[in-house]
2 protein chains.
Amino acid sequence: MKFSVTVTLKKDVLDPQGKVVQNTLINMGMSDLKSIRQGKHFEIDVSENDQTVAEKKIDEMCRKLLVNLIIEDYKINKI
Amino acid sequence: MKFSVTVTLKKDVLDPQGKVVQNTLINMGMSDLKSIRQGKHFEIDVSENDQTVAEKKIDEMCRKLLVNLIIEDYKINKI
């Protein structure tokens, strides 16, 4: 069973990496750009067949390792 | 108009960062894990109001800066 996890910085957390990308794009002439923020994306494949149990396991992985809950939000989707 | 861009490594490209995460999770006792691959995620806000034009602009940003087309795939979604 495959899941995707998207990890984004919380709204009020500064994103220096995204800022650099934003400035670069503006310097390249993309004047329509209002903002860009960067996050992480994981594609996770687990052998569990029960979706509820699998989602709980993915959630545990996120909380224990993949996500810094102080500054990041995450979203789990089945794919 | 807001879009999300997900950038993933192509299927046959090695993902050492994902491998480290995978080994760590397995060492933490997550024996159900089959595989995990890591990618990038962007949230882009553009001032363009026509969706087709906006998507074309996002696509241009991806090709010119955000994505290494040799080893990466990308997907644009409206949010």
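A: What follows is a description of that interface.

This is a predicted model, in which local features need pLDDT of at least 70, side-chain atom pairs count only at pLDDT 80 or more, and totals for chains, interfaces and linings use all residues; side-chain values use heavy atoms, leaving out hydrogens and water. Residues are numbered from 1 along each chain as its sequence is written, while chains are lettered from A and ligands numbered from 1 in the order in which they are written.

In chain A, 30 residues are in contact with 30 residues of chain B (heavy atoms within 4.5 Å). The two chains bury about 2800 Å² between them, and carbon and sulfur atoms give 65% of this area (accessible area, with a 1.4 Å probe, lost on being put together and summed over both).

On the side of chain A that touches chain B, β1, α1 (16-27), β2 and α2 (51-66) each supply at least two residues (helices, H or I, of at least four residues and strands, E, of at least two are DSSP runs, numbered from the N terminus). The greatest share comes from β2(A), with 14 residues. By class, this side of chain A has 12 nonpolar, 8 polar and 10 charged residues (Asp, Glu, Lys and Arg count as charged, and Gly as polar).

Charged side chains also pair across the interface, where the rule finds 2 salt bridges (a side-chain nitrogen of Lys or Arg within 4 Å of a carboxyl oxygen of Asp or Glu). One of them joins A:Lys57 to B:Asp32, with the closest N and O atoms 2.1 Å apart. Between chain A and chain B, 12 residue pairs, both residues at pLDDT 80 or more, are in polar contact (N or O atoms within 3.5 Å, one able to donate a hydrogen and the other to accept it).

Terms used. Polar contact = N/O pair within 3.5 Å; in protein donor to acceptor, adjacent residues only side chain to side chain.
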